[in-house]
Structure formats: structure tokens, C-alpha cells
Amino acid sequence: MLERETPRQELSRKIQEKTARTAVVGLGYVGLPLLIEFARAGFQATGIEKDPEKVDRIRRADSYIPDVDAPLLAELVASKRVQATLDESALADCDAVSICVPTPLRKTRDPDLSFVVAAAEAMAPHMRPGMLVILESTTYPGTTEEVILPALEGTGLRAGKDFFLCFSPERVDPGNASFTTRNIPKVIGGVTPACTEVGSLFYQQVMERVVPVSSTRVAEMVKLLENTFRMINIGLANEMALMCNQMNINVWEVIDAAATKPFGFMPFYPGPGLGGHCIPVDPLYLSWKTKQAGHQARFIDLAAEINGAMPRYVVQKVQQALNDRSMAVKGSRIHIVGVAYKRDVSDVRESPALDVIGLLEGMGAVVSYSDPLVPRLQFESRVLEAVPIEDAAAADCVVLITDHSSVDYKALVDRAPLILDTRNRLRDYSAPHILRL
Ligand code: SAJ
């Protein structure tokens with residue numbers, strides 16, 4: 001008599017046969033591209049999403065993620081290879097589930113795992129032998145084992161025997177055409193060696209290169225090292241700007257010359273502050289966790305302090321520039337060019353432009369902004385409307401916060417009476433009315 005397959009054997013066979021039914025929980029800039037890759041690899045792919053508008057747009061093949069090709073989405077939706085639903089019970093029919101939900105900070109700057117907990121609680125009622133669950137959301141080491149594992153083993157099933165649980169950090173770089181979900185090496189670590197092997201087997205069907213590591217904690221820490229590395233080096237670049245300013249040295253020239261070193265150096269650049277939902281946030285997940293264990297993450301805390309002080313430094317430079325022209329900040333018309341958190345994105349989360357606007361308004365300036373990708377900006381209790389960049393001509397001072405590629409900087413230089421360039425975008429221009437960090 002044929003021996004009954006173990007849950008691991010059954011799932012491994014279904015993965016290799018591509019009959020495993022896959023799912024992604026959370027269809028944002030990480031989850032939707034991942035869902036598409038599951039389908040492109042030949043799997044049935046179901047997206048579970050809380051936002052009805054997102055579900056509706058996917059069903060209409062109206063892609064809301066620029067990296068997700070609408071015609072491909074249309075083809076996959078028409079062939080029913082990709083489906084989207086609000087209904088979490090769809091998980092009951094799925095074999096391999098990747099969780100791609102947000103991990104923001106609370107107002108207290110502590111980790112907010114509410115979305116991860118909600119996803120684990122949604123999974124639990126539908127757990128059965130032969131399932132694989134992979135958490136992708138960036139979080140502190142221990143989250144998978146301390147939050148997800150108990151929720152799933154509460155069903156009486158055992159990880160590594162009945163079901164398989166891994167962590168695999170998302171490395172999506174929105175808008176990057178060279179590095180995509182499919183070709184970015186994928187790190188993955190399981191709660192047990194069997195979990196790592198089953199999770200790796202699944203992702204090997206989808207990604208070009210899978211990098212297995214020995215545990216979920218290692219995998220969780222890998223992502224935090226990657227982004228903490230960036231945050232701290234940006235902090236160093238910002239402190240270099242402060243030091244060079246004091247010594248009347250052009251920090252941009254220093255960095256560009258240092259970047260000619262063909263080894264052992266990687267350029268980072270000063271700026272108006274640290275924006276986005278990754279770099280300012282991820283390292284604080286790590287410092288919060290290590291603080292619980294009694295270790296003060298001094299590099300992270302210091303870099304956060306330096307990066308966090310850059311908006312105020314920008315405002316000081318504006319104040320100095322106006323003062324040198326016998327003008328006060330109070331009553332001055334100040335025009336901000338670019339409010340998104342970085343070039344060529346429309347996302348304003350944690351954007352330093354918000355801090356700069358708040359500080360300038362607090363000093364009595366009349367602030368306007370232009371940004372081709374951000375037509376309106378939720379600012380405290382108000383919604384600010386973007387004005388045409390031509391309005392910069394009427395400003396007393398222009399502050400270039402985010403240097404989108406589509407802006408005509410030559411026209412800006414000709415038009416504006418005074419410009420503080422925080423991104424060295426005007427490196428090709430030299431004039432008394434152009435100032436730099
Ligand atoms: N920034 C600087 N100076 C720099 C680099 C960035 O001030 O030299 C500022 C940016 O203006 C922005 C913030 O830091 O406000 C973050 O910029 P970022 O280039 O790190 O971009 P993010 O936040 O989109 O980071 C994402 C991360 N991707 C993932 O977490 C999967 C990060 O790991 C990537 O390295 C980064 O994209 C990237 O390289 O584009």
C-alpha cells in the first residue's frame with residue numbers, strides 16, 4: 001500500500017508541480033508585484049487585500065503600482081491566474097501564503113505590528129497541514145517566532161512538521177527597472193530547517209536566486225542591517241555637510257572626489273533630512289528591540305538625531321540667506337520646490353519638506369510649494385495645493401528640497417531671486433543667488 005505523503009512531501013510535490021495555490025496578503029508596492037510573479041511562475045495566485053478600491057482596480061486590471069505592467073495584469077486577471085478578494089476565508093484554499101503588510105511606527109516612535117498581528121489572526125482559522133506561510137514585512141528580529149508562530153501553533157499544528165513558517169525580507173525598490181521582484185536575490189530563513197527548505201523550494205520557482213539562511217531571526221536582521229547601513233551613512237554625509245559648512249568647504253565636491261576611489265568607498269549625500277517609509281523607520285525597529293535587551297544602539301540613535309536635525313539646519317540657512325539680504329523670515333514668501341520624500345516618487349511619507357514647511361510657517365513665513373508629482377499635500381489639518389513652479393519668481397527665497405528629473409532647473413535659476421539647493425541639483429550653475437547645503 002502506498003504510504004500517505006507527509007505534509008512536507010505533499011506541499012513540496014505541489015510546489016514542484018505548480019499545483020500549489022498561492023496567496024499574498026497585502027497588495028501594496030511589495031505584495032502586488034509578488035502576486036504577479038507567483039502567477040508568471042505558473043501558480044494560481046490569490047491576493048487578499050483590505051482596501052476595496054485596490055481589489056476593484058485589480059479586478060479591472062487597472063494597475064495602481066507603476067512597476068506592475070497593466071497589459072500583463074489584464075492577461076493574468078482574464079485567465080483567472082490572478083484573483084483579488086477582500087475575503088480572508090480564501091486563505092482556506094491556499095497552500096503557500098506570503099504576508100506583505102505595513103510595519104509603520106506608532107506616534108510614540110515604537111514598532112506598530114498591528115497589521116502583522118491582524119494577518120496572523122486571519123491565517124490561524126484557515127491553517128491546515130501542508131501550508132507554508134512567509135512573512136515579508138520588515139520587522140525586528142524575533143517577530144516571526146514571537147508573534148506569528150504562536151498564532152499559527154495555537155491551532156495545535158506544529159511548525160516544521162504540519163506547516164512551514166519563514167521570514168523573507170522584501171527588497172523591492174519601486175521604480176527600479178533593473179532590479180525587480182524576480183531578479184533581486186531573495187533571502188529566506190525558516191523557524192526550522194524543514195521550513196527553510198520548503199520556503200526556499202517555493203521561492204526557487206519564482207525568483208532567480210534564493211539565499212537560504214539558518215533562521216527567521218537572521219533573515220529579519222539582514223534587512224535591518226541593509227537599511228540601517230543606509231541610514232547611518234546618510235547621517236555621516238549630513239554631518240560632513242555641517243562640518244564642511246563650518247570650514248567653508250564644498251561638501252558636494254568632497255564627496256564626488258571621494259567617490260572616484262574605486263574600492264572601499266560608497267557615496268552617500270547630504271540632504272534636507274530622511275524621508276520615506278523604510279529608511280527612517282526600519283532602524284528604529286532594531287534600536288527598539290535591542291533596547292528591550294538592554295543594549296543602546298548608539299549609532300542608530302546618533303544618526304537619527306543628525307538626520308532629524310537637517311530640516312532645522314535648512315531653515316537656519318534660509319534665515320541666514322534672507323538676513324544677508326536684510327530680510328526677515330517673518331513675512332517672507334518662501335517657495336518649496338519638490339515635497340516628495342525623494343526624487344521621482346510621489347510619496348510624501350516622512351518627507352523632510354513637511355518639517356521645513358512647519359518650521360518656516362512657525363517663523364511667520366508665507367510658504368507655497370510646487371511638485372509635479374504631488375498636486376496636493378496633507379499638511380497637519382490642512383490640504384496645501386501645489387502652485388506652478390513659475391510662482392518661484394515672486395518668492396523672496398526658493399528652497400529646492402526634492403530634485404525631480406522633470407523640472408526645468410535652468411528656468412528656475414533664471415527666474416528665482418534666491419535659491420537654497422539642498423540636493424546639489426544646480427551643481428552646473430554658479431551665481432551669487434544660488435546657495436547650497
Ligand atoms: N537620502 C539622502 N542621501 C542619500 C540617500 C538617500 O539624503 O545619499 C534620503 C532620500 O532623499 C530619502 C531617504 O534618504 O529621503 C531614503 O532614501 P533611499 O534612497 O534610501 O530610498 P528608500 O527610502 O526608497 O529606500 C528603499 C529601500 N528599499 C528597501 O527597503 C527594499 C532601500 O533599501 C534601498 O536601498 C533604496 O530604496 C534604494 O536604493 O532606492
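Predicted model: local features only at pLDDT ≥ 70, side-chain atom pairs only at ≥ 80, totals over all residues.
**Helices α6 and α8**

I started with the pair α6 (residues 143-153) and α8 (residues 216-246), whose axes come within 8 Å and cross at roughly 120 degrees. The two helices are therefore oblique to each other; under 35 degrees would count as roughly parallel, over 145 as roughly antiparallel, 65 to 115 as roughly perpendicular, and the rest is oblique. I took axes as lines fitted to C-alpha atoms, for helices over the stretch in contact, with angles from 0 to 180 degrees between N-to-C directions. Helices (H or I, at least four residues) and strands (E, at least two) are DSSP runs, numbered from the N terminus.

Which residues make the contact? I found Thr143, Thr144, Glu145 and Glu146 on α6, and Thr216, Arg217 and Glu220 on α8, with contact meaning heavy atoms within 4.5 Å. By class, this contact has no nonpolar, 3 polar and 4 charged residues. The classes put Ala, Val, Leu, Ile, Met, Phe, Trp, Tyr, Cys and Pro as nonpolar, Asp, Glu, Lys and Arg as charged, and the others, Gly among them, as polar.

Residues are numbered from 1 along each chain as its sequence is written, and side-chain values use heavy atoms, with hydrogens and water left out.

**The mixed sheet**

Next I traced an open sheet of 8 strands, in the order β3-β2-β1-β4-β5-β6-β7-β8, with mixed pairing. Two strands pair if DSSP finds at least two bridges between them. At the edges stand β3 (82-85) and β8 (210-213), each with a single partner strand, so one side of each has no neighbour in the sheet. On average, neighbouring strands here are turned by 25 degrees against each other, direction ignored.

I zoomed in on β6 (residues 164-167) and β7 (residues 186-190), which run antiparallel and are joined by 2 bridges. Phe167 stands opposite Gly189 in β7.

Helix α2 lies across β1 (21-25), β2, β3 and β4 (96-99), at about 170 degrees to β1. Helix α5 (residues 114-123) touches β1, β4 and β5 (132-135), and its direction makes about 165 degrees with that of β4.

How much of α2 is covered? I count it as mostly covered, with 9 of its 10 residues buried; buried means under 20% relative accessible area, exposed over 50%, and partly exposed in between (1.4 Å probe, protein chains only). Among the buried ones are Leu32, Leu34, Leu35, Ile36 and Phe38. Just after α2, Gly42 takes a positive phi of about 110 degrees.

Ala41 sits in the loop between α2 (31-40) and β2 (44-48), and at 10% relative accessibility it is buried. Leaving out residues up to four places away in sequence, Ala41 touches Lys18, Gln205 and Val206.

**Cores**

I then looked up the largest nonpolar core, which has 47 residues; Ile99, Met123 and Phe163 have the most contacts inside it. Such a core is a set of buried Ala, Val, Leu, Ile, Met, Phe, Trp, Tyr and Cys residues joined through side-chain atoms within 4.5 Å. A second, separate core of 43 residues includes Tyr64, Leu73, Leu76 and Val77.

**The parallel sheet**

Here I found 5 strands forming an open sheet in the order β10-β9-β13-β14-β15, with parallel pairing. The edge strands are β10 (366-370) and β15 (434-436), each pairing on one side only. Strand β9 (residues 333-337) is joined to β10 by 5 bridges, and Ile334 stands opposite Val367 in β10. Helix α12 (residues 352-362) lies across β9 and β10, running at about 180 degrees to β9.

The buried residues of α10 (residues 282-292) include Pro283, Leu284, Tyr285 and Leu286. Those buried residues pack against α8 and α11 (298-323).

Most residues other than glycine have a negative phi. Asn248 has a positive phi of about 55 degrees, lies in the loop between α8 and α9 (251-258) and is exposed at 73% relative accessible area. Glu380 also has a positive phi of about 55 degrees; its loop runs between β11 (376-379) and β12 (382-385), and Glu380 is exposed at 61%.
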